[in-house]
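Subject: A structure for you to explore

Hi there,

Here is the structure I promised to pass on to you. Please open it and keep it beside this email while you read.

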Amino acid sequence: MRILSWLSGFAAVVVVVSAALGQDDLVAQGREVYLARCEYCHGSGPQKGGTMTLQLRYQGAVPGVLAERTNLTPEYIRAVVRTATPGMTPIRITEVSEQDLEAVIAYLTRHNEP
Amino acid sequence: MTIPPGLSQSQFDDALDEFRGVVGNDWVFTIEEHIEMYRDTSSPLAALGEQAIPSAAVAPENVEGVQGVLRVCNDYRIPIWIISTGKNYSYGGPDAIVNGSVILDLKRMNRILEINEEQAYALVEPGVSQYDLWIEIQRRGMKLWIDGPSPAYSSIIANTIERGVGYGPLGERLNAQCGMEVVLATGEVVRTGMGAVANSETWQQYKYGLGPYVDGLFSQTSLGVVTKMGIWLYPEPPAFRSAEVYVPNHEDIVPMLDVLRPLRISNVIPNSASASTNRGGPVEGGFGPGGGMPPGGMAPGGPPPGPPGWRCRLGYYGYERVVDTNWEQTQDEFASAIDNCQFVSERYTAPYNPDEMLSEAKLAAGIPSFQEIPLWNHGNGWAASMIVPFSGRKYWEFLETVDAFSRQFGRRYFGGPLHMHSPHGLIALAGVPGSATDRDFNERSREQIVQLHQLARENGWGEYRAPLSMMSEAMAAYDWNDAALLRFNERIKDALDPNGIIAPGKNGIWPARMREGQA
Ligand SMILES: Cc1cc2nc3c(=O)[nH]c(=O)nc-3n(C[C@H](O)[C@H](O)[C@H](O)COP(=O)(O)OP(=O)(O)OC[C@H]3O[C@@H](n4cnc5c(N)ncnc54)[C@H](O)[C@@H]3O)c2cc1C
């Protein structure tokens, strides 16, 4: 329920941002934001709490490093970022703006099967 | 929608319009999805139906914005709760005490105003995290170390003024604080220490200035909003050593503490040493009913899994020979006091490569670690962090007393983490497990933690920092001379915050208009 209302609340933003920036630019911007705000916990290398948790959870079925995943949907990314989950605190709009979140979504879904 | 106490919906709507006039429409959050992000879902109060819900969150970008928000709060008598990065999990997260409070979110004030390599300090705003400062120091190639708590996405200012704990040589965080800028409840801006001398260049070099030293009033505070703060940094040492000592038996904690105390006080061990039992340990998804041993050292029934005994984490910094000699001396002291100690240590020399360090070493070197972030949800439990005499025998008495008490609740206490960041002080944690949904379970746990506070008061164990849901109970231990200190704090509160808007109830200090009926 909560996730659904999230999506309806922000559908308008998605359209505006995507229209303003080309997809490549959006992916590049998303990479920047990802490196600054997500990578420290979700990157490769030792002692990254997010990566360690996902490795434990999925036991190799999907990569532990988020940027290597190809099955993350925009809805799922948005829900995990903005709501509390067992492994991750909500990330507020003052930390990652709506526009930056759209860019991160574009970056993390760049290799998804169409 | 929750609204602040004493306001009508239309008054609150007017106040929201005024907030929007101050910070802009985008930075006043009121819809449920946004409010949810300003709630601690690991709160023990959630299952009890007693968790305060914010009425709004407001995020100014600068000091003028903070002043504007406070003006509106004064006009409408709206209680606000301050967060810098809002990651105070296990002590209450972003939660306020009073239902309907407005959350003042300072994350947008995130400028690093200065990093001075020669004088080894930084001047930062509240939104700057440990990681933000560390990465900027790396980017500039400066030979400086920071220090800080294990969750590295949290605020340097908030953690420091909450009197938090790091694990390096500057681990007693408030000790490394030098100079503040504070917006008082009335909107006036004050700079402390040498910052009060208009032309000084020494705001971050000398703490005290002249006259009463007031910075302490703005730690664990409900008197003002800290908008800038100086923090001392540590010049990169030529070498450092991260070390651990393991002792095999439960009773070995007695000589372990007696060995540690003189080494810590004399600064042979210069980092904020910490110790914990070898048993139990964190489990994914928290520590609720049926889970593992909570961080507070409490377990149901018999001993939790894992070997008996204890371990402590130590750090040494400086020239290679000094680092080695002090570690050798530490091992000698332990070996002559305790049979079958085990020593584990690694020496690192500059230039350092964080990727090659173990997580213990990273913590001891102040390198942001993200290993513990997924443990942010500690299972909706409670903890008390009590200052007990720094003596093996006295600590053993504490442990046995808390264990005997816990058996009345069908639980056992095996000893929680011990912090020695303040070199003469020993802080002992004891926690009780909680549940996100089981009201009966939490009622029972609350009864236990409330009674533990009474036990603590009888034994003279005050807390160094209190979780939100037990702040008044924790302050009750500070009862000398008919709680003269609390009354002193209340007088200061009433003088500096006459409308009682900032963080009412924080650490059991209530403003006059809310004091009636508070224990
Ligand atoms: C797994 C885990 C490990 C932890 N490890 C540690 C640790 O090693 N050391 C440690 O100290 N803590 C630790 N904590 C507790 C906590 O996460 C940290 O202390 C964290 O730094 C606090 O969050 P924050 O900096 O975002 O503070 P915030 O949530 O932003 O603020 C905390 C409080 O400070 C006050 N405040 C904040 N900003 C201001 C301001 N500008 N002016 C006036 N008052 C203000 C408010 O009362 C607020 O409630 C741990 C928690 C967890 C869950």
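First, some ground rules. This is a predicted model, in which local features need pLDDT of at least 70 and side-chain atom pairs count only at pLDDT 80 or more, while totals for chains, interfaces and linings use all residues. Residues are numbered from 1 along each chain as its sequence is written, chains are lettered from A and ligands numbered from 1 in the order in which they are written, and side-chain values use heavy atoms, leaving out hydrogens and water.

**Where the two chains meet**

Chain A contributes 31 residues to the contact and chain B contributes 33 residues; contact here means heavy atoms within 4.5 Å. Together the two chains bury about 2700 Å², with 58% of it on carbon and sulfur atoms. Buried area is the accessible area (1.4 Å probe) that two parts lose on being put together, summed over both.

How many salt bridges cross the interface of chain A and chain B? The rule finds two, where a salt bridge is a side-chain nitrogen of Lys or Arg within 4 Å of a carboxyl oxygen of Asp or Glu. Side chains of opposite charge can pair when their charged atoms come close. You can look up a salt bridge between the side chains of B:D132 and A:R37, at 3.5 Å from N to O.

The interface of chain A and chain B also has nine residue pairs in polar contact, both residues being at pLDDT 80 or more. A polar contact is a pair of N or O atoms within 3.5 Å; within protein, one must be able to donate a hydrogen and the other to accept it, and residues adjacent in sequence count only if both atoms are side-chain atoms.

On the side of chain A that touches chain B, the elements giving two or more residues are α1 (2–20), α2 (23–37), α3 (39–42) and α4 (49–58) of chain A. Of these, α4(A) gives the most, with six residues. Helices (H or I, at least four residues) and strands (E, at least two) are DSSP runs, numbered from the N terminus.

Twelve residues from domain 1 of chain B and 18 residues from domain 2 of chain B take part in their contact. These two domains bury about 1100 Å² between them, 67% of it on carbon and sulfur atoms. Between domain 1 and domain 2 of chain B the count is zero salt bridges, but the rule finds three residue pairs in polar contact there (both at pLDDT 80 or more). Helix α3 (residues 63–76) of chain B supplies the largest share of the domain 1 side, five residues.

Over all chains, the count comes to 33 salt bridges. One of them joins the side chains of B:R71 and B:E18 (3.7 Å, N to O). B:R71 lies in helix α3 of chain B and B:E18 in helix α1 (residues 9–23) of chain B, so the pair ties together parts that are 53 residues apart in sequence.

**Around the ligand**

Which of the 33 residues around the ligand come nearest? They are B:S84, B:T85, B:K87, B:Y167 and B:R465, and a residue is near a molecule if one of its heavy atoms lies within 4 Å of it. Oxygen atoms of the ligand also lie 3.2 Å from a backbone N or O atom of B:N88, 2.9 Å from a polar side-chain atom of B:N159 and 2.8 Å from a side-chain N or O atom of B:K506.

Happy exploring!
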